[in-house]
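Please keep the sequence and the 3D view side by side while reading.

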Amino acid sequence: MSIPTVSLDQVPDPLPEGLSVLDVREDIEWVHGHIEGAVHIPLSELPARIDELPEGQTLIVCKIGGRSAQATMYLAGKGYDVANLEGGMIDWSAAGRPMVSETGQAPQVV
């Protein structure tokens with residue numbers, strides 16, 4: 001099974017209505033910087049928290065794309081409309097796309 005994957009240049013800026021973002025990074029990564037409005041479910045918690053997923057099309061992100069690829073494969077196999085963001089938050093941040101932080105500091109990818 002191939003993993004549905006998009007590169008950052010295929011993701012509209014700003015994100016369109018109806019496209020949700022699922023961030024599967026760990027808590028420490030999330031608090032330092034994430035996409036505003038994203039749903040945060042660490043990869044290891046995904047099977048137990050699958051009912052928290054947003055409806056419709058979902059872009060899945062992690063730091064570089066490995067964990068999000070695993071999540072995308074898992075969710076696509078369950079019939080979800082998902083795509084992995086190749087390059088993850090590293091590419092998102094490098095492109096100057098908007099991020100928010102929970103630390104009171106400028107958002108960053110850690």
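About 30 Å³ of space lies in the largest cavity, where a cavity is a set of points, on a 1 Å grid over the protein atoms alone, at which a 1.4 Å probe fits but cannot get out, and where the volume is the space filled by probe spheres set on the points, which are joined across faces, edges and corners. The model is a predicted one, in which local features need pLDDT of at least 70 and side-chain atom pairs count only at pLDDT 80 or more, while totals for chains, interfaces and linings use all residues. Residues are numbered from 1 along each chain as its sequence is written, and side-chain values use heavy atoms, with hydrogens and water left out.

A search of the whole structure finds one cavity of 30 Å³ or more. Its lining, meaning residues with an atom within 4 Å of a point, is made up of L53, P54, G56, T58, L75, Y80 and V82. Five of the lining residues are nonpolar, two are polar and none is charged, on a scheme that counts Ala, Val, Leu, Ile, Met, Phe, Trp, Tyr, Cys and Pro as nonpolar, Asp, Glu, Lys and Arg as charged, and the others, Gly among them, as polar.

Strands here are DSSP runs of E of at least two residues, and helices are runs of H or I of at least four, numbered from the N terminus.

Five strands form an open sheet in the order β1-β5-β4-β2-β3, with parallel pairing, and two strands pair if DSSP finds at least two bridges between them. The edge strands, each pairing on one side only, are β1 (5-6) and β3. Strand β5 (residues 82-85) runs parallel to β1 and is joined to it by two bridges, with V6 opposite L85. Three bridges join β4 to β5, also in parallel, and L59 stands opposite A83.

Away from these pairings, D51 is found in the loop between β3 (39-40) and β4 (57-61). D51 counts as exposed because its relative accessibility is 67%, and exposed means over 50%.

Key. On a 1 Å grid over the protein atoms alone, a cavity is a set of points where a 1.4 Å probe fits but cannot get out, and a pocket is an open set with protein on both sides within 12 Å along at least five of seven lines; lining residues have an atom within 4 Å of a point. Buried means under 20% relative accessible area, exposed over 50%, partly exposed in between (1.4 Å probe, protein chains only).
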